[in-house]
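Take a look at the model below. The report covers salt bridges, then the pocket.

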Amino acid sequence: MQSDTKPRWERRKDARPQELLAAALDLFVDRGYAATRLEDVARRAGVSKGTLYLYFENKEELFKAVVRHNIVDVIGKAESDFAAADSTSCAELLRTMLRRWWADVASTRASGLAKLMVAEAGNFPEIARFYNEEVVERGHALIESIVRRGVERGEFMPVDAQVMTRVLTAPVTMLMLWAHSFDPFCGPVDQEAFMDAYLGLVERGMARPV
C-alpha cells in the first residue's frame, strides 16, 4: 500500500471541510438551526472560527453544504442511475431507490435534518426554500418518474404519479421523524422490519393484476 507522503499540516488542511461538515451535521441535528453557533461548530471540528470562514461564508451556507453533502449528492447519484436503467423493471427500480434512500439517508445521522426542517422552516424561509428545491422536489421528481414509467409500461396500476409519490414518501419521512422525536419515550421502531413491511405493501399495491 502506498503511504501518504503529504506533510501532516497539509493532510490536516485537506480534511478540514469534511471535519467541519461532520461537526455541523451533529450540532444541527442535536440543537437545531437557530441554536447552532459557528464557534461551536469550529470548536467541535478542532479549528478556529476564522478557519471556518475560509470555507463557509455564514451559517446558512454551512447548512446548505451539509445538506448537499449528506443528501443532495445521494439524490444526484440516484438520478443518474435511473437515467441509465431503462431496461430495469420499474418495480425493481422503485424498490432499489426506496431502499437506497433508507440506507444512505433515512437511517443515518442526516435523517435528523428532516426534523429540523419541520420544526424550523417557518422561522427560516430561505433554508426552507432551499431544502424544498434541492431535496424534496428533486426526490419527489425521481420517484414520480419511476411511477409514471411503470404506469406507461403497464407494470403498475394506473395511478396519479404525483399523488402516489407523496403516498410513497410519507411513511419513510414519518419513520425518520419518529426516530428523532419519540424513540427515547416510546422505544425504537424495528426499522428493518418496518421497511420490509412497507416495501411489501408497495409492491403488492402497485402491481398490475396479471
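## Salt bridges

The structure holds 20 salt bridges (a side-chain nitrogen of Lys or Arg within 4 Å of a carboxyl oxygen of Asp or Glu). This is a predicted model: local features need pLDDT of at least 70, side-chain atom pairs count only at pLDDT 80 or more, and totals for chains, interfaces and linings use all residues. Residues are numbered from 1 along each chain as its sequence is written, and side-chain values use heavy atoms, with hydrogens and water left out.

## Pairs across the chain

E203 pairs with R95, with the closest N and O atoms 2.9 Å apart. E203 sits in helix 10 (residues 191-206) and R95 in helix 5, so the bridge ties together parts 108 residues apart in sequence. Helices here are DSSP runs (H or I, at least four residues), numbered from the N terminus.

R44 bridges to D26, at 4.0 Å between the closest N and O atoms. R44 belongs to helix 2 (residues 38-45) and D26 to helix 1 (residues 8-31), 18 residues apart.

## The largest pocket

About 510 Å³ of space lies in the largest pocket. A pocket is an open set of points on a 1 Å grid over the protein atoms alone, where a 1.4 Å probe fits, with protein on both sides within 12 Å along at least five of seven lines; lining residues have an atom within 4 Å of a point. The volume is the space filled by probe spheres set on the points.

The lining has 25 residues; W101, V135, V136, H140 and T173 lie nearest the centre. Helix 7 gives the most, with nine residues.

Conventions. Helix = DSSP H or I, 4+ residues; strand = E, 2+ residues; numbered from the N terminus.
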